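Biologist: Could you walk me through this model before I set anything up with it?

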Amino acid sequence: MSKDSLSFSLQEFVCLDDSSQVAFRSDRGFGISYRPKGRQLQMAESELRHHVSMALLPDEGIVKDAGERLPWHEYCELLERIGISASIEILKNSPYILLFSPEVRRLLDLE
């Protein structure tokens, strides 16, 4: 974090039937410029959620998931690499939850 910018790293997890969580991707992130007001980020939670969703869009040139809000085919491939089998339909019909770390929650004054 610099004086007028923030960098965010994203980690994606899958929740298994036994309620355990397994990370399957952590190579995404984004940066934003901002003007701090004290120690809080002057940004609505919805705006930060939008930045996250943009960072998670399928990569350009990936035709399989063109027009989708998430890279479902890639998720299936990544999960398969770590021994978890899931179809695109199962993933699409599963809850998708965005969680902010305690540090980000404090920055947004969500605590």
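Predicted model: local features only at pLDDT ≥ 70, side-chain atom pairs only at ≥ 80, totals over all residues.

Biologist: Fine. How many helices and strands are in the protein chain, and in what order do the elements run from the N terminus?

Modeller: There are four helices and two strands, where helices (H or I, at least four residues) and strands (E, at least two) are DSSP runs numbered from the N terminus. The order is β-β-α-α-α-α.

Biologist: How much of the protein chain counts as buried?

Modeller: Of its 111 residues, 30% count as buried, with buried meaning under 20% relative accessible area, exposed over 50%, and partly exposed in between (1.4 Å probe, protein chains only). As for contacts (heavy atoms within 4.5 Å), 50% of those with a separation of 6 or more are between residues 24 or more positions apart.

Biologist: Now the strands: in which sense do β1 and β2 pair?

Modeller: They pair in the antiparallel sense over ten bridges, pairing being assigned if DSSP finds at least two bridges between two strands.

Biologist: What does serine 19 do in the hairpin?

Modeller: The hairpin has five residues between the strands, and serine 19 takes a positive phi near 75° there, although serine 19 is not a glycine. Serine 19 counts as exposed because its relative accessibility is 62%.

Biologist: Switching to α2: which of its residues are buried, and what do they pack against?

Modeller: Helix α2 covers residues 72-81, and its buried residues are Trp72, Glu74, Tyr75, Cys76, Leu78 and Leu79. They pack against β1 (5-15), β2 (21-33) and α3 (88-92). After α2 comes glycine 83, with a positive phi near 85°.

Biologist: Why does leucine 79 count as buried, and which residues is it in contact with?

Modeller: Leucine 79 counts as buried because its relative accessibility is 1%. Leaving aside neighbours within four places in sequence, leucine 79 is in contact with Val14, Phe24, Ile84, Ala86 and Leu91. From leucine 79 to valine 22, the separation is 57 residues in sequence and 9.3 Å in space, C-alpha to C-alpha.

Biologist: Which residues touch the most other members in the largest nonpolar core?

Modeller: They are Phe8, Phe30, Leu48 and Tyr75, out of 25 residues in that core, a nonpolar core being a set of buried Ala, Val, Leu, Ile, Met, Phe, Trp, Tyr and Cys residues joined through side-chain atoms within 4.5 Å. The elements giving two or more residues to this core are β1, β2, α1, α2 and α4 (102-107), and α2 gives the most, with five residues. Phenylalanine 30, not counting residues up to four places away in sequence, touches Leu6, Ser7, Phe8, Leu10, Leu48, His51, Val52 and Ala55.

Biologist: What about the largest pocket, how much space lies in it?

Modeller: About 1000 Å³. A pocket here is, on a 1 Å grid over the protein atoms alone, an open set of points where a 1.4 Å probe fits, with protein on both sides within 12 Å along at least five of seven lines, and lining residues have an atom within 4 Å of a point. The volume is the space filled by probe spheres set on the points, which are joined across faces, edges and corners.

Biologist: Which residues lie nearest its centre?

Modeller: Of the 32 residues lining the largest pocket, Gln11, Glu12, Phe13, Val14 and Ile97 lie nearest its centre. β1 gives the most to this lining, with eight residues.

Biologist: Last one: is leucine 99 buried or exposed?

Modeller: Leucine 99 counts as exposed, at 65% relative accessibility, and is found in the loop between α3 and α4.

Technical notes:
Residues numbered from 1 in each chain as written. Heavy atoms only, no water.
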